[in-house]
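Here is a protein model to explore.

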Amino acid sequence: KMTASAVFILDLKGKVIISRNYRGDIPMNCVERFTSLMLDETEGAHPPILVDNGIVYVFVKYNNLYLMACTKRNSNAATLVLFLYHIIHVFKDYFRELEEESIRD
């Protein structure tokens, strides 16, 4: 059973490349909030899990991309991180190299 309410693939500036809101309980402007939370943290000290206003942001940075899953439920964070790494693995198999340019093309 999917524990993420929404999944986003973002560039380093926070611009959405791919998004999917599965449950509809996460506002689409959560990406803007995530970007501001990332700017608030000191460089290099970003924890992989952020919580703000009842929304849990779980993310992985890979090359020049952020893969992010959001949920309002009490989900297992390790499962969400593993899911994001599985997405990376599938995209690497498909694109050979997972980068912003390969996804946009």
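Which residues on the other side of α1 are exposed? They are E32, L39 and D40, where exposed means over 50% relative accessible area, buried under 20%, and partly exposed in between (1.4 Å probe, protein chains only).

A quick word on ground rules. This is a predicted model, so local features need pLDDT of at least 70 and side-chain atom pairs count only at pLDDT 80 or more, while totals for chains, interfaces and linings use all residues. Residues are numbered from 1 along each chain as its sequence is written, and side-chain values use heavy atoms, with hydrogens and water left out.

Back to the helix. Helices (H or I, at least four residues) and strands (E, at least two) are DSSP runs, numbered from the N terminus. In α1, the buried residues are C30, V31, F34, L37 and M38. They sit on the same side of α1 because they cover an arc of only 120 degrees around the axis; the arc is taken from the directions from the helix axis to the C-beta atoms. An α-helix has 3.6 residues a turn, so residues three or four places apart point the same way. What do the buried residues of α1 pack against? Their partners are β1 (6–11), β2 (16–21), β3 (49–52), β4 (55–62) and β5, with contact meaning heavy atoms within 4.5 Å.

Now the rings. Rings of Phe, Tyr and Trp (its six-membered ring) pair if their centres lie within 6.5 Å; planes under 30 degrees apart are stacked, over 60 edge-to-face, and the rest tilted. That rule gives 6 aromatic pairs. F34 and Y66 make an edge-to-face pair, because their centres are 5.9 Å apart and their planes stand at 85 degrees. F34 belongs to α1 (residues 30–40) and Y66 to β5 (residues 65–71), so this pair ties together parts 32 residues apart in sequence. F34, Y57, F59 and Y66 form one aromatic cluster.

What about the cysteines? The structure holds 0 disulfides, a disulfide being a pair of cysteine sulfur atoms within 2.5 Å. C30 is in none, and the nearest cysteine sulfur, that of C70, is 3.9 Å away.

Here are some buried residues:

| Residue | Relative accessible area |
|---|---|
| F34 | 1% |
| Y66 | 10% |
| C30 | 2% |
| C70 | 0% |
| S5 | 0% |

Finally, S5 is in the segment before β1. Its side chain joins that of D25 through a polar contact of 3.1 Å (a pair of N or O atoms within 3.5 Å; within protein, one must be able to donate a hydrogen and the other to accept it, and residues adjacent in sequence count only if both atoms are side-chain atoms).
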